[in-house]
Amino acid sequence: MKRLATILLALILFVMIPGGCGKKAETMTLYTWEGMFPPEVLEGFTKETGIAINYANFDTDENMLARLSEAGGGDYDLVIADDYIIETVIAQGLAQKLDTAKLTGWGNINPVFQGQFFDPSNEYTVPYGSGVQTIVYNPAAVQKEITGYADLWDESLRDNIAVIGNYRVVNGMALKVMGESYNTEDTAVIAQAGQKMLELAPNIRLIKNDNLQDDLLSGEVGAAVMYTSQVTLAMLQNPDLKVVYPTEGVGFGIMGTFIPSKAPNAEAAHKFLDYVLRPEVSAQCFEYMGYYCTNKAAESHINEAYRSFLTLPESVTGGEMIQTVSAEAEEAHNKVWTEFRAACGN
């Protein structure tokens, strides 16, 4: 009986010792949109490191910023969000500088996606996917060869175009045709672009964000301005479609990964970033998401059948990113967008 009591006491003490059976499992809280990682990547990281991932979701960049601000840069260990909001995150001191010595795959990043306005010195972010404002059309359903935004105004495309519901992207088409910047602060120029958008309205059949590729594939429309992930899905199902990088100049956006300033487990966040930067793991992620690959070393690991859809062509070297503009310019854009949608019957 005494021996049994001794054994029980020993077991209790073992559970109480740090590192014993009673130790809480290490976790890392990842905060981003739904569907940003294939399950096998998350499972593979946990299996290798023993770090469990708590996957938390937000619906908009603005809601993410609000939650992160409320937490004072805490609560979350790793966040993936859009470029323009990351600029605000950094300005508000809500992100910490990366320890690149812990990122053995740092050199794998494609420099095309670094040194951008939101993190010019590459101190805070690792790019995780990019989208390019792209036109896709079906040559069998369109009489005219499309090479740029200006072609979308052609009368032969009447009631035959679909566009995403991103007002800065769509308003920006007119600005680029006019030779202006996406980010002009000149409200008179934005108003002028608005008049040009009204001229485009008869050609617009659909304005929607979700599954726009289905409308192109079904023949509902002959041409569309789509998100990169939608372009990938469309091209995989119909390789005869034509992808156009507008002659007026491409615009692109970048999703960036950053560690909040008071992340509870920044060490785990660095480990996860390093894991995802591995070429073969990164390739899995981009095949799953359908966005442009920002990891140069991963490109050769992407399935050859759709590698061309996920890697930015070498001919596309320039471009302009859509950035935050003044309240006055934003108001002018909203007015243009409201009038355009009304003219399109949307």
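What follows is a short chat about a predicted model of one protein chain.

Q: Before we dig in, what sort of model is this, and how are residues numbered?
A: This is a predicted model, where local features need pLDDT of at least 70 and side-chain atom pairs count only at pLDDT 80 or more, while totals for chains, interfaces and linings use all residues. Residues are numbered from 1 along each chain as its sequence is written, and side-chain values use heavy atoms, with hydrogens and water left out.

Q: OK, how many helices and strands are in the chain?
A: The chain has 12 helices and 10 strands. Helices (H or I, at least four residues) and strands (E, at least two) are DSSP runs, numbered from the N terminus.

Q: And what box do the C-alpha atoms fill?
A: Roughly 95 × 45 × 35 Å, taken along the principal axes.

Q: What percentage of the residues is buried?
A: Of the 346 residues in the chain, 50% are buried. Buried means under 20% relative accessible area, exposed over 50%, and partly exposed in between, with a 1.4 Å probe and protein chains only.

Q: How many disulfides are there?
A: The count is 0 disulfides, a disulfide being a pair of cysteine sulfur atoms within 2.5 Å. Take Cys-285: the nearest cysteine sulfur belongs to Cys-293 and is 9.7 Å away.

Q: Is Cys-285 buried or exposed?
A: Buried, with a relative accessible area of 0%. Cys-344 also counts as buried, at 13% relative accessibility.

Q: How does the lining of the largest pocket split by class?
A: Into 17 nonpolar, 15 polar and 8 charged residues. Ala, Val, Leu, Ile, Met, Phe, Trp, Tyr, Cys and Pro count as nonpolar, Asp, Glu, Lys and Arg as charged, and the others, Gly among them, as polar.

Q: How many cavities of 30 Å³ or more are there?
A: The structure holds 2 of them. The largest cavity has a volume of about 120 Å³, and of its 16 lining residues, Val-126, Pro-127, Tyr-128, Val-276 and Leu-277 are closest to the centre. That lining has 12 nonpolar residues, 4 polar and no charged.

Q: What lines the second largest cavity?
A: Among the lining residues are Phe-113, Gln-116, Asp-119, Asn-122 and Pro-127. The second largest cavity has a volume of about 50 Å³, and its lining has 3 nonpolar, 5 polar and 1 charged residues.

Q: You mentioned Asn-122; what is its phi?
A: Asn-122 has a positive phi of about 55 degrees although it is not a glycine. Most residues other than glycine have a negative phi. Asn-122 is in the loop between α4 and β4 and is partly exposed at 22% relative accessibility. Asp-159 has a positive phi of about 55 degrees too, and sits in the loop between β5 (134-137) and β6 (161-163).

Q: New topic: how many residues are in helix α6, and what is its reach?
A: Helix α6 (residues 187-200) has 14 residues and reaches 20 Å from its first C-alpha to its last, close to the 20 Å expected at 1.5 Å a residue. The expected span is 1.5 Å times one less than the number of residues.

Q: Which α6 residues are buried?
A: Val-189, Ile-190, Ala-193, Gly-194, Met-197 and Leu-200. Seen down the helix axis, the buried residues of α6 fall within an arc of 150 degrees, so they line one face; the arc is that of the directions from the axis to the C-beta atoms.

Q: What's on the face turned away from the buried side of α6?
A: That face carries the exposed residues Ala-188 and Glu-199.

Key. On a 1 Å grid over the protein atoms alone, a cavity is a set of points where a 1.4 Å probe fits but cannot get out, and a pocket is an open set with protein on both sides within 12 Å along at least five of seven lines; lining residues have an atom within 4 Å of a point. Grid points are joined across faces, edges and corners, and a volume is the space filled by probe spheres set on the points.
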